[in-house]
Amino acid sequence: MEVAVSLLGLLLWASGSAESAAEPPRDSLREELVLSPLPSGDVAATFQFRTRWDSDLQRGGVSHYRLFPKALGQLISKYSVRELHLSLTQGFWRTRSWGQPYLQAPAGAELWVWFQDTVSDVDKAWNDLSNILSGIFCASLNFIDSTNTIIPTASFKPLGLVNVTDHRFLRYAVLPREVVCTENLTPWKKLLPCSSKAGLAVLLKAERLFHSSYHSQAVHIRPICRDKSCLNLSWELRQILTVVFDSFASAQGKKDWSLLKIFSRTLTEACPLASQSKVYVDISSKTKAQEFLDVSPTPLSVYEASVQGDRRTYAVYDLLNPTLFNTSRNLNVLLKWKRPQDNLGLAVPVLYAQRYVSGYGLQTGEISTLVYNTHPYRAFPVLLLETVPWYLRLYIHTLTIITKGKENKPSYIHYQPAQDRKRPHLLEMLIQLPANSVTKINIQFERALLKWTEYTPDPNHGFYVSPSVLSALVPSTIAIKEEDEDIKPLFASLFPSFDGSSYFVRLYTEPLLVNLPTPDFSMPYNVICLTCTVVAVCYGSFYNLLTRTFHVEEPKKGGLAKRLANIIRKIRGVPLL
């Protein structure tokens, strides 16, 4: 009887394992690389790794992780995270010279998180989450506290599937002083299913990535619809890395480049766990008669896409296509210019901005932001977010917005004043930008005097101010055709377009460096040295006078040595001693 029960259990286990083996995987991986020649002659490389998991992490009880990183999955489940967006950036994206990026990030570290409405104490969850992420990515996110955290009311809406947009469950912080290095890249690569052993990730060589003009790595987690009916949700993890290489420095004064020159490596295979692995090379030209680029090897297909309001043409290399590696065992994409690029008439970005500090002295100053709308005939609104530390005391009555010599009143404004050593200033405005205009936004401030323990180790370097954030729906010059999310490339699917006539853009200005009234920190050292010297001299002399005894010593008669000396001197005829 026991043998029969054992056999029955064995059969049931075998049938269950067979059904689970026949069940399709619930997660998938897509990887892609976009190589884009920039108007300035540089080369931008954008890596995107998308891991999609058809599972509900909020319910808990998930114990088996295949492609989705377990560290991030447990983080979402424990702290009831709805969306998480983290970026670590070294350098600044020059929109005027490089054009619109696929996804821009501010200099330093940026973190913004949407929590579920079931979280009772959002501030505690935010503090614990930032500390854990600091350990995962080896970053200084543990320095995020109430003095640099804000709660935007209109900016940073959820990018994924969400029904409630109560801003009380949103937290946003920026650390503009954060320095990105290899210790941040290593844990980022370990989150990939194939790590850096296969697929496009083999090109992520730290020595080459950090020898660049711009480097940004990001992690985006959000819930998305599982299918068109959107009855169930899936979790999407996007790991995005953007690098801008100076082609003149890497190619010895020439604008021609290849994978081997900029990465010191070539591609040999796709990631075995990836369902899609492609390389896109931007070969767009202004007109069909102007073909400036020559790419080799010959691409297997060409893809045309509407990217940021412009028509782009991409040469596509599918690493999962067996014919790609028939002639060669590796893929080394080479791009050459047929004629000089200096004659290209490149368009100015429709929307870009810059920011600076003016004034003199260390008491007052002024923050100025210039927002440019270069569209010839379309006006559109832009949402501006300003975050200013508490030690710069803003005078909100001095806020002025000037467009074409006239005052431009914002249609929406939200201001939250700062509290000393507790929270920063928060200013949000919805401003209408007329066509072909420059809008100047000025606000004055006063510098506060910090306590001597609040200064950084290098106070004369200055204090950083977070960049401004601009969010806008920019009018498109061409009609944007909607495609299925699983068909169009990853670089065109993060910010979907709903009406086809505009596209979403989020831009960041430069971080500001402001000098504060700084005491002479060498003065305490000088005072200590002088005080110690005076005390030592005075106390030593006074102590000697009190403790030393003085007495008069009478002269003694000469001893044996003196008598012997006189005998010798007498024999020699020399006067005696």
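**A chat about a predicted chain**

Visitor: How much of the protein chain is buried?
Guide: Of the 577 residues in the protein chain, 45% are buried, where buried means under 20% relative accessible area, exposed means over 50%, and partly exposed lies in between, with a 1.4 Å probe and protein chains only. This is a predicted model, in which local features need pLDDT of at least 70, side-chain atom pairs count only at pLDDT 80 or more, and totals for chains, interfaces and linings use all residues. Residues are numbered from 1 along each chain as its sequence is written, and side-chain values use heavy atoms, with hydrogens and water left out.

Visitor: And how many helices and strands?
Guide: The protein chain has 10 helices and 26 strands, taken as DSSP runs numbered from the N terminus, with helices (H or I) of at least four residues and strands (E) of at least two.

Visitor: Where is I571, then?
Guide: I571 sits in helix α10, which covers residues 560-572.

Visitor: Is I571 buried or exposed, and why?
Guide: I571 counts as exposed because its relative accessibility is 71%.

Visitor: New topic: how many aromatic pairs are there?
Guide: The structure holds 19 aromatic pairs, which are rings of Phe, Tyr and Trp (its six-membered ring) with centres within 6.5 Å, called stacked if the planes are under 30 degrees apart, edge-to-face if over 60 and tilted for the rest.

Visitor: Why is the pair Y455 and F463 edge-to-face?
Guide: Their ring centres lie 6.2 Å apart and their planes meet at 65°, so Y455 and F463 are edge-to-face; both Y455 and F463 are buried.

Visitor: Which residues form an aromatic cluster?
Guide: One aromatic cluster is formed by F47, F49, W188, F245 and F263.
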